[in-house]
Amino acid sequence: MKTYLKTAMLGAALGLGTMVAMPAANAEDTIYAPNLSYRTGPFAATGIPLMNGQRDYIMMLNERDGGINGVKIEYDECETGYSTEKGVECYEKTKSKAVVTQPWSTGITLQVLPKTNVDKIPILAPGYGFSPMANGKVFQWAFNPPASYWDGASMMLNYVSDGDLDTLKGKKIALLHLDHPFGKEPIPLFEAMADKHGFEFLPIPVGLKEMQNQSAQWLQIRREKPDYVLMWGWGAMNAGAITEAVKTRYPMDQFIGIWWSGHDGDLKTVGDKGKGYKSISWSVPVADAPVMADIKKYVVDPGNSLMEDPADINSVFYQRGILISMILAEGIRGAQEHFDTKNVNAEQLRWGLENLKIDDDRIAELGMTGMIAPFSTSCADHTGHAGGWILEWDGSKFAPASDKLTADADAIAVLEEVKAMEYAEANKPWPINEECNM
Amino acid sequence: MFYRISGQFKTDYRSDHALFRVRQDAVLMGIILLFAWVIFPFTANEFVFQALLIPVLIYSLAALGLNILTGYAGQLSLGTGAFMGVGAYACYKLVTIFPEMNLLVAIGLSGFFAAAVGVAFGLPSLRIKGFYLAIATLAAQFFLVWLFEKWAWLYNYNASGAIQVPTIDMFGIRVAGPTASSFVQYYFVLFVVTIMTIFAINITRGHIGRTWKAVRDMDIAAELVGINLLRSKLIAFAVSSYIVGVSGALFVFLWRGAAEPNLFDIPLSFRVLFIAIIGGLGSILGNYLGAILIVALPVILNILPEMVGLEINAAVVEHLNIMIIGALIIAVLIIEPHGLARFWAIIREKLIMWPFPH
């Protein structure tokens, strides 16, 4: 009876909402989930497919299921152009009614991170942000599921060493990285691993201004002859690096990028020459996944997608955007069920994101089999440390080229603890979740 | 009518040299100060503080610093962003080395570091002029940003290479850090900006300001009438960089909360230069008007469609915004090449004559 009444009231509210006026309606019967998008600016080429994916998944849920448990999600974009300044502006603009902040750039994440304890809005930064955010006791409001940059770095090392890191002894591993907080993220982990397993680690920074012209860096690579070149590249830097690698005839099978360096658009510019280039990824594009069929049916075919070329539906970044929105939607769903309410607020969503259970069954239910590895979060672990796969460029698209890889959870956990405490120390007084006993 | 100056006689030199020679100017200034000190802070919400009020003040201060160098002393500089960075990093080192230090003192001191760096890079101005000097300051820009990236001591060996503002209390009130309230931060910034503006007005009106203007208009003539060019130019670099350095410290500590080196890269220098040029070179008021146009207007244009209930795609709004601001900048520079400050001067003159123009 009670639920019946609730549904009736909700229906009435919905009807009333549409009758009165559109802007007034969103206060009661939808959940407002803004996204700090970057469809403009120097990184727009990578931003557009990601944003399209995020948007289309939410639209599909709204069309197919009428939202999540009957509540529509109001997906809204605030354009930042990847600029930190605009990002903070967007955060301030949306925070009064938002249940989540999706900051998108490491710069914006770093800026917003300290404010979340005050404003009590969870940050959702899937696969980016600050790796120590995994420590949920320190970073109570920040989430970076399903894998952090340190997970990515560790998976790469496991891949090149075939699972036995000690075989790397005496080898030389170069890290070609953007000279920016994002590019410097994996360095502490690589340094720790190099000390432990006796390989030589060589960071090679690429300045923001030299992204497209990396001849100096590749000259250094030619001179040093590293056994592997790992890349933390972004935007124009990826295409620049791959072009230089082709030019200097660096063996492509020893060249592996992080998941943001595996963008179809970057590789298309080199085409066949980039064959064999690899990228680690926590997401895999699956063309015939049921969820993709639904997105095609409910969003793309009626012409509601912002995607310009329908072929992009199978690109790595578009499908990754879909998974990112899926993580958010699962967080909302979990919170709704736990708190027995339709309209979750930011604090309830925090619980939802902290108790994500994305196991194989759930992935199958969502129609995403093979697109993402199972993971779960807890109050102590805000990342989930899911596995990933190596994707290989075959000249026209990325295809999975390895079994599922996992990261060295123990080595990462130690480092996360140290760096998280360092952060808390530098920003004291910093609240720590004492209730969490995990 | 509203701006009638007849009947306001000056009977001594003192009143003839007063800051406000016309009573209405003083009244207008009073109204502006009332808005800035009382009405805005008590009516603004978090968004208005963080996206409009505080950034406009900080950018105005940076443009004021540049305007002293470029507008008053005639030395074109493209290194403003880097000098702001020097102020910010100096302030960061000061508050992390001496955590008990009062933030106001730390910001005041950090300006001196910027001034010293500014003077060092100002030395070539004695030999080179105009565009060539701009290139020399450009060198400062590139070198300093490179230094912020490579010198790990500057950011306390932080893994991300960025500086994070710690929580700072002053007399028991939280002024910086994530938990500081925007209200307090606004007053802090407003206080510093007010003091700096009074200082700038007086220095440009006085003996030093006059030597700067002489150097700007014709340096050989200035030298012939006995102005020491070396001294005059270096003072301009020092004062300008001091103000720019203070604005950089405010920029990071009272507004951004965190900063990475490339924040201080050339786009920031250009932004400040545009504010100074569009506002009006050689004026104090212009910096504020320029900052409102360049910093606040895009923010307002961004939220406008939503406020009137129009549903426009966020990316489209952003593109429209860039086009409108660009068109406005060009329009202003065509209609009034001397900037917005000159606009105001014309309006004021018209008001004085109104309703009986000759």
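## Trp104 and other loop spots in chain A

Let's start with Trp104(A), which counts as buried because 25 C-beta neighbours lie inside 10 Å. (A residue is buried if 20 or more other C-beta atoms lie within 10 Å of its own, exposed if 12 or fewer, and partly exposed in between; the C-beta atoms are placed from the backbone.) You'll find Trp104(A) in the loop between helix H4 (84-94) and helix H5 (106-119) of chain A. Its phi is near 70 degrees, a positive value in a residue other than glycine. For background, most residues other than glycine have a negative phi, and most peptide bonds are trans. A word on what you're looking at: this is a predicted model, where local features need pLDDT of at least 70 and side-chain atom pairs count only at pLDDT 80 or more, while totals for chains, interfaces and linings use all residues. Residues are numbered from 1 along each chain as its sequence is written, with chains lettered from A and ligands numbered from 1 in the order in which they are written.

Lys120(A) also has a positive phi, about 55 degrees, although it is not a glycine. Lys120(A) sits in the loop between H5 and strand S3 (123-124) of chain A, and with 14 other C-beta atoms within 10 Å it is partly exposed. Then there's a cis peptide bond, joining Pro145(A) and Pro146(A), with omega about 0 degrees. Pro146(A) belongs to the loop between strand S4 (142-143) and H6 of chain A.

## Gly370 in chain A

Gly370(A) is in the loop between helix H15 (360-365) and strand S11 (375-376) of chain A. With 14 C-beta neighbours inside 10 Å, Gly370(A) is partly exposed. Which residues does Gly370(A) contact, leaving aside its neighbours within four places in sequence? They are Val284(A), Val286(A) and Ala289(A). (Two residues are in contact if their C-beta atoms, placed from the backbone, lie within 7 Å.) Trp234(A) is 136 residues from Gly370(A) along the chain, and their C-alpha atoms are separated by 25 Å.

## Strands in chain A

Helices (H or I, at least four residues) and strands (E, at least two) are DSSP runs, numbered from the N terminus. Two strands pair if DSSP finds at least two bridges between them. Strand S1 (residues 30-37) of chain A is mostly covered, with 7 of its 8 residues buried. S1(A) pairs with strand S2 (residues 72-79) of chain A in the parallel sense, over 8 bridges. In that pairing, Thr30(A) stands opposite Lys72(A) in S2(A).

Chain A also has an open sheet of 7 strands with mixed pairing, in the order S6-S5-S7-S8-S9-S12-S13. Strand S6 (200-206) and strand S13 (398-400) of chain A are at the edges, each with a single partner strand, so one side of each has no neighbour in the sheet. From one strand to the next, the twist averages 30 degrees. Within the chain, strand S5 (residues 172-178) of chain A and strand S7 (residues 228-232) of chain A pair in the parallel sense over 5 bridges, and His177(A) stands opposite Trp232(A) in S7(A). Helix H6 (residues 149-160) of chain A lies across S7, strand S8 (255-257), strand S9 (278-281) and strand S12 (389-393) of chain A, running at about 130 degrees to S9(A).

## Helix packing in chain B

Now for chain B. Helix H4 (residues 80-97) and helix H5 (residues 103-122) of chain B pack at an angle of about 135 degrees, with their axes 8 Å apart. (Axes are lines fitted to C-alpha atoms, for helices over the stretch in contact, and angles run from 0 to 180 degrees between N-to-C directions.) H4(B) and H5(B) are therefore oblique to each other. (Angles under 35 degrees count as roughly parallel, over 145 as roughly antiparallel, 65 to 115 as roughly perpendicular and the rest as oblique.) The contact of H4(B) with H5(B) has 13 nonpolar, 4 polar and no charged residues. (Ala, Val, Leu, Ile, Met, Phe, Trp, Tyr, Cys and Pro count as nonpolar, Asp, Glu, Lys and Arg as charged, and the others, Gly among them, as polar.)

The axes of H12(B) and helix H14 (residues 340-353) of chain B come within 8 Å and cross at roughly 115 degrees, so H12(B) and H14(B) are roughly perpendicular to each other. Here Leu285(B), Gly286(B), Leu289(B), Gly290(B) and Leu293(B) in H12(B) meet Leu340(B), Ala341(B) and Trp344(B) in H14(B).

## Where the chains touch

The contact takes 28 residues from chain B and 32 residues from chain A. On the side of chain B that touches chain A, the largest share, 5 residues, comes from H13(B).
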